[in-house]
Amino acid sequence: MTHQYKTMDGCSAVSHIAYRVNEVAAIYPITPSSPMAELADQFAAEKQRNIWGDVPNIIEMQSEAGAAGATHGSLQTGALTTTFTASQGLLLMIPNMYKIAGELTSTVFHVAARSLATGALSIFGDHQDVMACNQTGFAMLASSSVQQAHDNALIAQVATLASRVPFIHFFDGFRTSHEVNKIDVMSDDIIREMINNDDVIAHRKRGLAPERAFIRGTAQNPDIYFQGREAVNPYYQAVPNIVNDAMVKFAQLTGREYQPFSYYGDPEATSVMVIMGSGAQTARLTVDELNKNGKSVGLIEVHLYRPFAVDYFTNVLPESCHHLIVMDRCKTPGAVAEPLYTDVMSALVEQCSVGKRICLPKMTGGRYGLSSKQFTPAMVKAAFDNAIAEKPISQFTVGINDDVSFTSLAIDNNYTLEPDNTVRAVIYGWGSDGSVGASKSTIKIIGAKDNKFVQGYYDYDSKKAGSRTVSHLRFGDAPIEAPWMIEQASFVGINQFNFLTKFDCLVNAEKGATVLLNSPYDAEHVWDHLPLTVQQQIIDKELSLYVLDAMKVAAETNMGRRINTIMQTGFFMLANVFEQQEAIEQIKHSIEVAYSRKGPAVVEMNWNAVDHAVSATQKVTIPATATSNVEVKSTIGDDQLQFLQKVTKEVMAMRGDLIPVSEIPCDGTFPSGTTRFDKHRQAVNVPSWDPELCIQCGNCSFICPHATIRSKIYNKDELAAAPENFKYTDVSARGFPDTAYTIQVYAEDCMGCTLCVDACPAHSATDSNRKALQMVPAAEQWDKQAPNVEFFESLPQLPINQVDYSTVKGVQFLPPHFQFPASCAGCGETAVLKVISQLFGERLMIANATGCSSIYGGNMPTTPWTQGKNGYGPAWSNSLFEDNAEFGLGYRISVDHQKDMASRLIKELESEIGHELVQAVLTAEQSTEQACLEQRERVEAIREKLIGHPKAAELDSVIDTLVERSIWIVGGDG
């Protein structure tokens with residue numbers, strides 16, 4: 001039996017199979033399933049052939065609903081067809097899925113199972129989406145690892161062709177879909193051997209064709225519809241045996257054994273856990289450890305979830321089982337229990353009712369891992385402990401602190417099962433800095449060695465840029481199955497120095513671990529710049545600290561802002577995976593493979609960066625005591641809202657998992673304007689303003705995508721309280737005596753994109769390279785500009801009626817209601833949104849599709865849409881991926897209706913309000929912001945007049961709509 005090991009992620013493992021066993025794929029990208037579709041499209045572009053020697057037809061549709069419709073049509077005309085999806089994308093396919101299943105049509109939908117958008121959107125993994133498809137008639141096959149996802153993609157295809165029942169093949173989004181692991185990849189010969197060509201031909205012959213003229217999909221009346229629904233029963237009853245037969249044949253060909261329900265553990269276990277998905281790997285390791293220490297426990301891993309094969313389940317459940325724990329990775333509000341628990345209970349009750357089982361075990365059900373929440377061995381142990389407790393919690397949760405419904409189990413955080421003999425690396429990076437890409441490259445370099453096994457998991461939020469990323473990498477001499485984030489790291493990489501003042505980067509460093517820090521300070525001076533708490537951790541844990549000025553190396557080697565190759569080199573030097581010389585050779589080879597298409601100059605530049613990184617890495621001598629005066633400062637003070645202190649602050653400090661249920665809004669409503677607390681200090685260089693050269697055109701402020709460069713004019717009397725180095729100049733326009741002008745750079749928030757400098761037209765008469773804005777080192781400006789920003793914000797805003805909205809010069813004096821978004825540096829979309837927020841911010845309503853603009857615009861913990869000092873500002877919401885037009889139309893219909901209601905009510909109350917005021921409100925012209933401001937004053941006057949009136953509350957609920965709304969529909973990508 002020949003083995004072909006390759007390092008790949010879960011999506012790649014599935015797409016490798018799906019492409020080879022299909023003829024058509026109708027696709028639409030949705031995270032985290034997108035790589036499957038993208039790879040299929042790439043394979044087709046490269047003219048790769050399927051196992052029948054043809055190039056599959058890959059077509060991208062306008063939506064998931066469109067992809068489902070095209071899939072349905074392709075299937076009905078006899079082509080082997082698939083699609084890839086997740087979350088609400090899968091839900092948009094449900095109407096067609098009922099049709100596909102009802103017509104007994106063979107297909108496999110590959111699903112990277114993901115959370116559903118409820119009170120909040122989440123791109124991360126659980127089983128809510130696939131559970132919403134329970135009633136469609138699709139069979140469901142679950143995978144727990146990258147290897148299983150690869151294998152079950154084929155088993156599902158074999159089973160659907162043999163049974164005619166369509167399949168959902170699912171695996172955990174991000175946890176499995178994006179985990180990188182070394183797997184045994186099937187050859188095309190094995191794939192061909194598994195596929196029964198007679199079943200393929202039968203599928204084609206069932207397709208619609210004029211030569212086989214028939215009608216399918218009729219409308220039926222009560223006389224026959226019911227019978228038609230029951231007629232499918234024999235096909236579903238046959239599915240479990242068909243799947244089992246496919247698994248038996250697969251084992252004969254590959255040596256990897258599967259069953260519809262796989263039992264693992266003590267054959268006479270008294271406590272048994274039932275689970276499916278990646279959590280089964282964690283449970284398996286914990287079962288081994290518990291049994292080693294005298295327990296009697298077992299595990300049933302569910303593969304075939306639909307149809308739920310009662311006999312296959314009960315055949316693997318030990319008769320000795322007294323306590324049965326069923327773990328669900330979803331939430332069904334209002335249900336007696338979650339879906340898997342309900343199925344297991346129904347199966348056992350049925351067995352008892354027909355005399356096949358004497359009594360039921362005591363059952364408990366648990367919810368875990370929603371939105372890729374950690375699921376660790378300690379949580380598995382807690383579930384087993386709860387089952388045998390005197391008063392167990394029957395429907396419990398693990399991984400959260402539920403202080404509302406009190407469902408959560410206590411967790412022993414000291415209980416951990418990190419695999420032995422592995423290098424465990426945790427690398428902290430910044431969104432878009434290349435850290436994740438470098439980590440994946442590292443995994444592939446090491447995994448390419450015959451005797452090395454690897455695992456990579458990447459913990460990051462959904463922001464495109466400007467947020468921390470954490471790569472969890474494991475390397476060892478045996479296959480690695482540990483689907484939880486590293487709890488004890490032997491290596492910690494910190495790719496941004498300022499992370500040390502934001503969150504605890506060393507919390508997971510084990511005693512004696514190696515730490516590599518990207519530092520602007522050399523080994524001799526860095527110690528004095530570390531916070532006191534960090535110094536103490538280094539001493540207490542006996543950590544080895546190395547520094548590497550990656551920014552400096554990048555500048556010296558023309559790498560710009562990209563430090564990924566440089567920090568990757570530092571990792572290989574220190575992590576002891578290879579000998580240093582071999583490590584450098586491996587990195588350079590990977591660079592050549594990755595960049596050769598860009599030309600030898602790019603390859604040489606990256607090689608040069610590697611060599612510089614080797615010589616620039618320095619070991620720090622650790623003093624015996626902590627001596628630092630550097631404090632970890634929070635941007636959210638005690639004077640801020642309690643929510644900001646208890647939730648936002650904790651999430652920003654990477655302690656969000658510890659926030660109790662009672663602190664989280666139950667309906668998804670959060671305060672806006674919180675990006676001002678980020679102060680991410682990401683830029684290498686920021687602009688510095690020269691008042692003498694400035695022509696006050698406003699171009700820089702207008703073009704800034706991040707609202708980090710702003711202008712004000714104000715009376716010079718205000719300067720009495722200005723900081724010493726606060727910059728200003730006289731206003732150059734006529735009619736503004738004793739008035740000063742300032743351009744203020746928000747250095748801590750600036751992304752360093754240079755657009756403002758590029759847009760500046762003001763050059764020095766004596767030096768053409770000198771402008772009114774020049775980029776300078778950011779580190780010198782952060783602390784220097786902070787008091788200037790605070791003073792600048794205290795200055796009065798220019799009244800609206802003095803601003804010329806029709807010019808760039810005028811718009812610079814309008815406050816932005818969209819600031820510091822976590823978009824990519826220099827983003828063209830956010831520049832437009834910022835200007836829209838300046839022009840219409842106090843009456844702006846936004847219907848946002850899911851995508852780039854919803855992530856930088858509405859992603860926790862901090863959001864950029866913000867209100868003014870009067871509390872007015874943009875009202876923002878996001879519905880789904882593709883319905884922003886309809887969603888925004890709903891805004892307009894609702895607002896117009898409420899405006900009509902308000903008009904009717906004030907007419908009815910005219911005698912109390914006064915004829916003149918009523919007419920002024922109803923006939924107000926609101927084409928300018930000043931006119932809208934005057935209308936708002938009239939509305940407030942009406943409120944004042946009706947205080948205490950019986951109809952005041954009713955009118956108050958709609959009267960604000962008499963101020964004209966500006967409704968904008970924003971696409972997912974801006």
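Modeller: Happy to! Helices (H or I, at least four residues) and strands (E, at least two) are DSSP runs, numbered from the N terminus. Please keep in mind that this is a predicted model, where local features need pLDDT of at least 70 and side-chain atom pairs count only at pLDDT 80 or more, while totals for chains, interfaces and linings use all residues. Residues are numbered from 1 along each chain as its sequence is written, and side-chain values use heavy atoms, leaving out hydrogens and water.

Let's start at Cys 852, which sits in helix H27 (residues 852–858). With a relative accessibility of 19%, Cys 852 counts as buried; buried means under 20% relative accessible area, exposed over 50%, and partly exposed in between (1.4 Å probe, protein chains only). From Cys 852 to Gly 698 is 27 Å in space, C-alpha to C-alpha, and 154 residues in sequence.

Pro 861 lies in the loop between H27 and strand E29 (875–878). Another cis bond joins Arg 306 to Pro 307, with omega near -5°, and Pro 307 is in the loop between strand E12 (304–306) and helix H12 (310–316). Arg 306 also has a ring contact: it lies over the face of Tyr 305, 4.4 Å from the ring centre. A charge sits over a ring if NZ of Lys or CZ of Arg is within 6 Å of the ring centre and within 35 degrees of the ring normal. Arg 474 does this with Trp 484, at 5.6 Å from the ring centre.

Two other backbone spots deserve a look. Most residues other than glycine have a negative phi, and most peptide bonds are trans. Lys 679 is not a glycine, yet its phi is positive, at about 45°; Lys 679 is in the loop between H21 and E23. Thr 754 also has a positive phi, near 75°, and is found in the loop between E26 and H23. Thr 754 counts as partly exposed because its relative accessibility is 29%.

The side chains of Glu 748 and Arg 681 meet in a salt bridge (2.9 Å, N to O). Glu 748 is in the loop between strand E26 (739–745) and helix H23 (755–759), and Arg 681 is in the loop between helix H21 (642–652) and strand E23 (685–689), so this pair links parts of the chain 67 residues apart. Glu 748 counts as buried, at 15% relative accessibility. A salt bridge here is a side-chain nitrogen of Lys or Arg within 4 Å of a carboxyl oxygen of Asp or Glu.

How many salt bridges does the structure hold? There are 37. One of them joins Arg 284 and Glu 301 at 2.8 Å, N to O. Here Arg 284 belongs to helix H11 (residues 279–292) and Glu 301 to strand E11 (residues 297–302), 17 residues apart. Arg 284 is buried at 14% relative accessible area, and Glu 301 is buried at 4%. Another bridge pairs Asp 611 with Lys 588 (2.9 Å, N to O). Asp 611 lies in helix H20 (residues 600–616) and Lys 588 in helix H19 (residues 580–595), so the pair ties together parts 23 residues apart in sequence. Asp 611 is partly exposed at 38% relative accessibility, and Lys 588 is partly exposed at 21%.

Now the aromatic rings. A search of the whole structure gives 27 aromatic pairs. One of them is Phe 250 with Tyr 258, a tilted pair at 6.0 Å centre to centre and 50° between the planes. Phe 250 is buried at 0% relative accessible area, and Tyr 258 is buried at 10%. Trp 430 and Phe 499 make a stacked pair, 5.4 Å centre to centre with 25° between the planes. To explain the terms, rings of Phe, Tyr and Trp (its six-membered ring) pair if their centres lie within 6.5 Å; planes under 30 degrees apart count as stacked, over 60 as edge-to-face and the rest as tilted. Both Trp 430 and Phe 499 are buried. Finally, Phe 475, Phe 491, Phe 571, Phe 572 and Phe 578 form one aromatic cluster.
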